[in-house]
Amino acid sequence: MNLKEIVLNKIIEQGTLPLFFHHDQEESIDILRTLYRAGVRVFEFTNRGPEALAVFERLVATRDLEIPDLYLGIGTIKSVDDAQQFLQAGADFIVAPLVNPLVGSLVHEHHKLWIPGCMTPTEIYTAQQQQAALIKLFPANILGPAFMSSIRDLFKGQNFIPTGGVDIEIENLKAWFRSGVCAVGMGSKLIDPKDTSNLFENTQKALDLVSKAR
C-alpha cells in the first residue's frame, strides 16, 4: 500500500480531519501533541500566513522525532510553487480550496494524496478527471448535507469530505454521514489556537461523536 492509499484510509478510518493554523511554532507543536494524545492520527495544518512553511517544518521534525505514526498534510494550497515547497518540507498530503489541475499533477507525481475543494458538480467532475481520490466540499456550511445527498448518485464511488462550518454536534454529523460523506473536516469549531485549554477533552469528544454518527 502506498502513502496515498494509507493517508486516505486513515482519514476514512478516523472519520474526521482536524485542521488549524497558528503563526507560533511552539504553540503549534503543543496543539500537535495534544491532538495526538487525544487520538488523532492524521491532520491538516493550513497555509494561512507567511510563517506557515517554517511552522510546518517544525511540525514535521517533531512528528518524525516523537510520533512517527502521525500523518501531516498541508491545506490552502492553491499554486504549484506552494505545493512544491510543502512537499519538499515533508507534507504527507495536499489539501486545496479549489481545483488546480497542475497542483494535482504535481502531487500525483509524488505519489501522495491530493484533496481539492469543490462547490459545484462541474468542479467535482473536473477534480475526478484529475484523479482526485478524495474531494473536499467547501464551504460546507453553504452547501449543507442536502447538497451532498442530491449529487451522490451522480458521482458514485467518489469519496467526499465537507469542510468549513461542520458543527460538532451529533445531529449535524449524522446528517453529513447519512448524505454519503466518508469523513468531516473540523477547523475552528474544534481548534481555537487562542484557547487550547480544553482541546484534549474537546478532541476526544469530537472523535467519539463522529464514531457514533457514522
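Student: At what angle do helix α8 and helix α9 pack?
Tutor: In this predicted model, helix α8 (residues 170-179) and helix α9 (residues 199-213) pack at an angle of about 50 degrees, with 9 Å between their axes. That makes α8 oblique to α9, because angles under 35 degrees count as roughly parallel, over 145 as roughly antiparallel, 65 to 115 as roughly perpendicular and the rest as oblique. Axes here are lines fitted to C-alpha atoms, for helices over the stretch in contact, and angles run from 0 to 180 degrees between N-to-C directions.

Student: OK, and which residues of α8 and α9 make the contact?
Tutor: From α8 come Ile170, Leu173, Lys174 and Phe177, and from α9 come Leu209, Val210, Lys212 and Ala213, where contact means heavy atoms within 4.5 Å. By class, these are six nonpolar, no polar and two charged residues; Ala, Val, Leu, Ile, Met, Phe, Trp, Tyr, Cys and Pro count as nonpolar, Asp, Glu, Lys and Arg as charged, and the others, Gly among them, as polar.

Student: Before I go on, what about the numbering and the pLDDT limits?
Tutor: Residues are numbered from 1 along each chain as its sequence is written, and side-chain values use heavy atoms, with hydrogens and water left out. As the model is predicted, local features need pLDDT of at least 70 and side-chain atom pairs count only at pLDDT 80 or more, while totals for chains, interfaces and linings use all residues. The helices (H or I, at least four residues) and strands (E, at least two) are DSSP runs, numbered from the N terminus.

Student: Back to helices, then: is the crossing of α7 and α8 left-handed or right-handed?
Tutor: That crossing is left-handed, meaning that the near helix is turned anticlockwise from the far one by less than a right angle, whereas clockwise would be right-handed. The axes of α7 and α8 come within 7 Å and cross at roughly 50 degrees, and that makes α7 oblique to α8. In the contact, Ala140, Gly144, Pro145, Met148 and Ser149 of α7 meet Ala175, Trp176 and Ser179 of α8, a set that divides into five nonpolar, three polar and no charged residues.

Student: And how do the axes of α4 and α5 cross?
Tutor: Helix α4 (residues 80-88) and helix α5 (residues 101-109) have axes that come within 9 Å and cross at roughly 20 degrees, and the two helices are therefore roughly parallel to each other. α4 passes α5 in a right-handed crossing. Val80, Ala83, Gln84 and Leu87 in α4 meet Leu102, Val103, Leu106 and Val107 in α5, which gives seven nonpolar, one polar and no charged residues.

Student: New topic, sheets: in what order do the three strands form the open sheet?
Tutor: The order is β6-β7-β8, with parallel pairing, and two strands pair if DSSP finds at least two bridges between them. The edge strands are β6 (117-118) and β8 (159-162), each of which pairs on one side only. β6 and strand β7 (residues 134-137) are joined over two bridges, with lysine 136 in β7 as the bridge partner of glycine 117, while four bridges join β7 to β8, where leucine 134 stands opposite asparagine 159.

Student: Which hand has the β-α-β unit that β7, α7 and β8 make?
Tutor: That unit is right-handed: with the strands pointing away from the viewer, the path from the first strand over the helix to the second runs clockwise. On the way from β7 to α7, proline 139 sits in the loop between them, and a cis peptide bond with omega of about -5 degrees joins phenylalanine 138 to proline 139.

Student: What is the order of the six strands in the other open sheet?
Tutor: Those six strands run β5-β4-β3-β2-β1-β9, again with parallel pairing, and the edge strands are β5 (113-115) and β9 (184-186). Neighbouring strands of this sheet are turned by 25 degrees against each other on average, direction ignored. Within the sheet, strand β1 (residues 16-20) and strand β2 (residues 42-46) pair over two bridges, and leucine 19 stands opposite glutamate 44 in β2.

Student: Last one: where is histidine 111?
Tutor: Histidine 111 lies in the loop between α5 and β5, and its phi is near 60 degrees, a positive value in a residue other than glycine.
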